[in-house]
Amino acid sequence: QGLLLRWFHPSLLQLRWAILPWELLLVAGLYLLALRLGFPRGQAFLLGALLSGWRLPLNFQTFSSYYALAAWVMGLAFLVLRLPERPAPVPLEGREKVAWFWLGVMGALVFFFKQSMGIFFAMASGLLLLDRFGEREFGLPPRLAVLGRKLAAAACLLGLLVLLRHHLSLKYLLGFLVPPALAMLSLERSRSRAGGSPTTAGRSALVWWLAGGLLPMAALVGCYAARGSAGAWWHGVFLRPQLHLLTGIWPLREISWEGGAILLLLLAPLCLSRRFFPARIGKALAAGAAAGALLLLARTGFSRGVFEGTWQWATYSVPLAVSCASLLRPPRSFPARTVLLSAPFLYLVLYPLSCDVYLAYALPLGWLLLWHLGREILAPSPLALRAILLSQVLLLAIPYGFLAKHSLQQNSARVERPPVFQGMLLPPDTVRQMRSLAALVHRETGPGETIFAYPDCADLPL
């Protein structure tokens, strides 16, 4: 991004061009994951494109989460493509070593772009590796291997509890702690039991995964150390961002009538399944649910109600999807288990800033899991599956209906540039940086133009 601003005119548009290739990689990764979950090709591409569309067209920020999310999804997609459904009772093959090494590299890349997401990705990847292999595939006594897997799960939950220690409300526990706990418990109860002859495939996969993650990390830290800045790297990566957990908090949304209305619309296809209701009763219940949703939306105005309700439901959709998949139908296929274990950890990107910007990064894996669960439950009913597809398209396309109106409102607002340093007490280095920035702004903008300013970083001395 810095090179683009240096080579071309300083503009946010240049930064959006920088994230476009990564967004295309994200679409490809979501498409491949949807294929491995059993979606038809056309529907898999539609889901990948629409899920991606919640970020690039709607968000003007070029945050590092764009790059981290693409690396996360591509790491999982490559893994489920390269690995067979079940590990063979033989030493790890070359393609499997490459898959686990690649997963580690993508984890390091996620960490480079956004440290919190990198830690969550490492948790999910490590638990996935331990779930993939049986007790007899780590070259350890079976009881010791089982103990290690359970201790790893407990350590992850304890780490999340420490992370949430400043905001231990019921809403945060149900949103951020209960879903990963349910996913781990579900996979533990549904995993295939150990059998066959002992191998060291699990230990080999662990070594390759750790090598893929630690080698790029060592190279990066080595570059800082060569310049005598290893301490500054540690302070900037691990210590300084902790201020966000103390001062930077954007609470999770509250659920209102609008969110309940959207939930009713999404539950309507369930009524069409003959697995739950006879045909006539199911159609009547689906029509009643849709009518009730419209009445609820009319309380606050249809346009605003649909928009607000969509975001409210989306905020809690991932914990709902993970909980339902864990309790109702624990997945047995490797791609489904991969998505189930990764979705709640990706959702943690909403902490501590649970605003709409980060929600767009937290949704993709959870929604893939939700639709996969719906397809499995309603598979015998073609009408229900068509209704699910329609609800998917509508739910994902809703934000576009309000994009033009929102853009017009934003463009019509004109914000005058205030004096730069009135009433501020800043360090000399910061003053020099801000004077240079102010000169750049005045040089690159005209009298009637505006600039993009987003000072929400608690660690900045402002």
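This is a short tour of a structure, stop by stop, for you to follow in your viewer.

Before you start, note that this is a predicted model, where local features need pLDDT of at least 70, side-chain atom pairs count only at pLDDT 80 or more, and totals for chains, interfaces and linings use all residues. Residues are numbered from 1 along each chain as its sequence is written, and side-chain values use heavy atoms, with hydrogens and water left out.

**Stop 1: two helices**

Select residues 65-82, helix α4, and residues 94-113, helix α5. Helices here are DSSP runs (H or I, at least four residues), numbered from the N terminus. The axes of α4 and α5 lie 8 Å apart, at an angle of about 170 degrees; axes are lines fitted to C-alpha atoms over the stretch in contact, and angles run from 0 to 180 degrees between N-to-C directions. So α4 is roughly antiparallel to α5 (the term is for angles over 145 degrees).

Now show the side chains. Among the residues that meet, you will find W72 and F78 in α4, and W100 and L103 in α5; contact means heavy atoms within 4.5 Å. The residues of this contact divide into 18 nonpolar, one polar and two charged (Ala, Val, Leu, Ile, Met, Phe, Trp, Tyr, Cys and Pro count as nonpolar, Asp, Glu, Lys and Arg as charged, and the others, Gly among them, as polar).

**Stop 2: a salt bridge**

Next, pick R337 and D131, which form a salt bridge with their closest N and O atoms 2.8 Å apart. The term needs a side-chain nitrogen of Lys or Arg within 4 Å of a carboxyl oxygen of Asp or Glu. This pair links distant parts of the chain: R337 sits in helix α15 (residues 334-347) and D131 in helix α6 (residues 115-132), 206 residues apart. The count of salt bridges comes to two.

**Stop 3: a cis peptide bond**

Finally, zoom in on Y351 and P352, joined by a cis peptide bond with omega of about 5 degrees. Most peptide bonds are trans. You will find P352 in the loop between α15 and α16 (356-362).

Technical notes:
Angles under 35 degrees count as roughly parallel, over 145 as roughly antiparallel, 65 to 115 as roughly perpendicular and the rest as oblique.
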